[in-house]
Amino acid sequence: MSSTIPKTRRAAITKLLIANRGEIASRIIRTAREMDIATVALYSDADIDAPYVLQADESVHLPGTTPADTYLRADLVLDAARRTGATAVHPGYGFLSENEQFARDCAAAGVIFVGPSPEAIAAMGSKIEAKRMMAAAGVPVLPGATVENESDEDPERLRAAAEKIGFPILVKAAFGGGGRGMRIVSDQSELTEAVGSARREAASAFGNGTVFLEKFVQSPRHIEVQIFGDSYGTVVHLGERECSIQRRYQKIIEESPSTAVDDALRDELGRAAVAAGKALSYEGAGTVEFVMAQDGSFYFLEVNTRLQVEHPVTELVTGIDLVRGQLLVAAGAPLPEEMLDVTPQGHAMEVRLYAEDVAAGFIPVSGTLTTLEFADLPGIRVDAGFASGSQVSTYYDPMLAKVIGYGPDRDAACDRVARALQETRIHGVTTNRDLLIGILREPEFRSGAIDTGYLERHDPADLMIRRNGNDSVEQIHALVAALAAQADRRATSSVLPRLPSGFRTLPSAPQSVSFRAGEQVIDVEYLFGRTGLSVRVGDWRPESLEVNAASAELVDIAIDGVRRRYRITRSGAAYFVDSALGATELHEVERFPDPSDIQEAGSLLAPMPGTVVRVEVSEGQSVSAGDAVVVLEAMKMQHTIRTPSDGIVVKIPVAVAAQVDSGAVLAVVQDGEN
């Protein structure tokens, strides 16, 4: 089949509007530029200085911050296309990418929608209808039942459905994803409450509370197949991706190929995925997702009618630019020749770098990225949505970047990504970087024996320990931060700037400073004397020290005979230290803290900036340990704040819809005897 593009259609895409933000916007712009297609970016108030805005040829401001006011406003998106003369819209993923009506609105406005037909989107918009269609097409599906309204929640009806399906059962939102509206139920006593709470969450998140019940596969793998179709009826698959490493039902590591899929199974998966695509008359890039049992049997989950976050791993093992393919097909061309006979080579591994606090339960965080510098290593690709100085807001998904590695085999890909992450400098926000490195180096993961329960078997806190055999990283980095601070003071001093601070010709008291690293306080004492530098860090005293160089940004020092170079970045009272030992964030402790900063006993604080969506208690109410007090929404997720102990709610200084900052007091719960 020829890949010649019909001139009447190809000429139509001269300017492309990207109806998205962050790393996927940058990714689409990169390919559009290579194809000599002009680009238009959209940006909200929160994204005014985002890198992708500067990368586009033109940009249009969408006033507001929330998705509902900006990137989900189809009318504003199409008005931007009209004003800029854009002839096509690429929706990326999320937002309007799987919105049937938006695809229809684009057609009505004479703008090409870079994606499948509205009919295909509509068919897959309901997971219930999708399962029915796939079953009819011969694609394996799991047995299940639907709960559309309150009458369907009748306990007897649910009991009968559960007996037919068999426990454990997965309760899942019919019109959404990302783990919202999802519950795993182990026995009959939990079912009614699980269905009710899942329906409430689904209604809040997606505007539709319909859920369905299906058999939950124990220790499953999440396998998906990339499909591609054109308007001439051709549908192909480009191999599978393994997406089993997840937290909160959201993927964090993806790879291609899967260690569980041999050639025979790959062919079977591919044929099922192509059958799904043909049933939809599919055009463009799509992904057919399957849950796979330990015995290799697999069952249909859903079709994502868009480009996937993890598409780079397929690009690296096939050598095919999927965004280019999307633009060609959208312009009316048949599938490119290189897609018609694909043999994946090597192995690709992708990790999602999130702004989140893993130790606190994967809570998303916000703030300013004072430094974001990725390692430049062979075989590494970085798709980033942020740069040094970028603001990470509370309004959108907290993914900072995708780091993708390619190698001749899986071990090489893992090694390259782990090293790239370790050498990347990230300051200003807490990230999941250490967890990702820990997983990539963990023996069970390296053996390929993985499933969606991996992070339930492996404590993230244990996986994050990366000390290279040294248990004193925070202490060493605190010492380095103290030396960098004194070097900075002397360099900016107008009196004897070359003399170390604290230097005395006669014995004297040492200089002292304290840093906080997480919950740990590290006291550092140092003294420059005629015999050299003497140091005490907590209870640790180095046997030998040799300072080769020291400045505010770099300390080159040999500690107990081991020389390393430490890079330091300072932002106010925060010090960020990077070395071969890892990265540490330190905060200088004030000598005389402001009494007004001390919180009232029993205060429950906001772990991140967000919006109060529910207040579950009232003042004067008695609560027990673990009771829900306030529910916050931030970065598309809801987070329940619970009381750590029994007591009485004595104060609730917030109300529903209130915007709160990190550390704000949400409630005060005190012992009832006080």
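**Entry 1: Asp560**

I began with Asp560, which I log as partly exposed because its relative accessibility is 35%, a value between the 20% and 50% cut-offs. A reminder to myself before going on: this is a predicted model. I then looked up the backbone of Asp560 and found phi near 50°, a positive value in a residue other than glycine. Most residues other than glycine have a negative phi, hence this note. Asp560 sits in the loop that runs between β28 (554–559) and β29 (562–571).

**Entry 2: Ala657**

My next stop was Ala657, another non-glycine residue with positive phi, this time near 85°. I located Ala657 in the loop between β37 (647–651) and β38 (659–660). Is Ala657 buried or exposed? I put it down as exposed, because its relative accessibility is 56% and the cut-off for that class is over 50%.

**Entry 3: cis peptide bonds**

Phe167 and Pro168 are joined by a cis peptide bond, with omega about -5°. I traced Pro168 to the loop between α8 (155–165) and β7 (169–173). I also found a cis peptide bond between Ser256 and Pro257, where omega is about 0°. Pro257 belongs to the loop between β12 (250–256) and α10 (263–279).

How many cavities of 30 Å³ or more does the structure hold? I count three.

**Entry 4: cysteines**

Last, I searched for disulfides, and the count is zero. Cys243 is in no disulfide, and its nearest cysteine sulfur, that of Cys414, is 14 Å away; the cut-off for a pair is within 2.5 Å. I log Cys243 as buried because its relative accessibility is 0%. Cys106 also goes down as buried, because its relative accessibility is 0% and the cut-off for buried is under 20%.

Conventions: Residues numbered from 1 in each chain as written. Predicted model: local features only at pLDDT ≥ 70, side-chain atom pairs only at ≥ 80, totals over all residues. Heavy atoms only, no water. Helix = DSSP H or I, 4+ residues; strand = E, 2+ residues; numbered from the N terminus. Buried < 20%, exposed > 50% of the residue type's maximum accessible area, 1.4 Å probe, protein only. 1 Å grid on protein atoms, 1.4 Å probe; cavity = no way out; pocket = protein on both sides within 12 Å on 5 of 7 lines; lining within 4 Å. Points joined across faces, edges and corners; volume = space filled by probe spheres on them.
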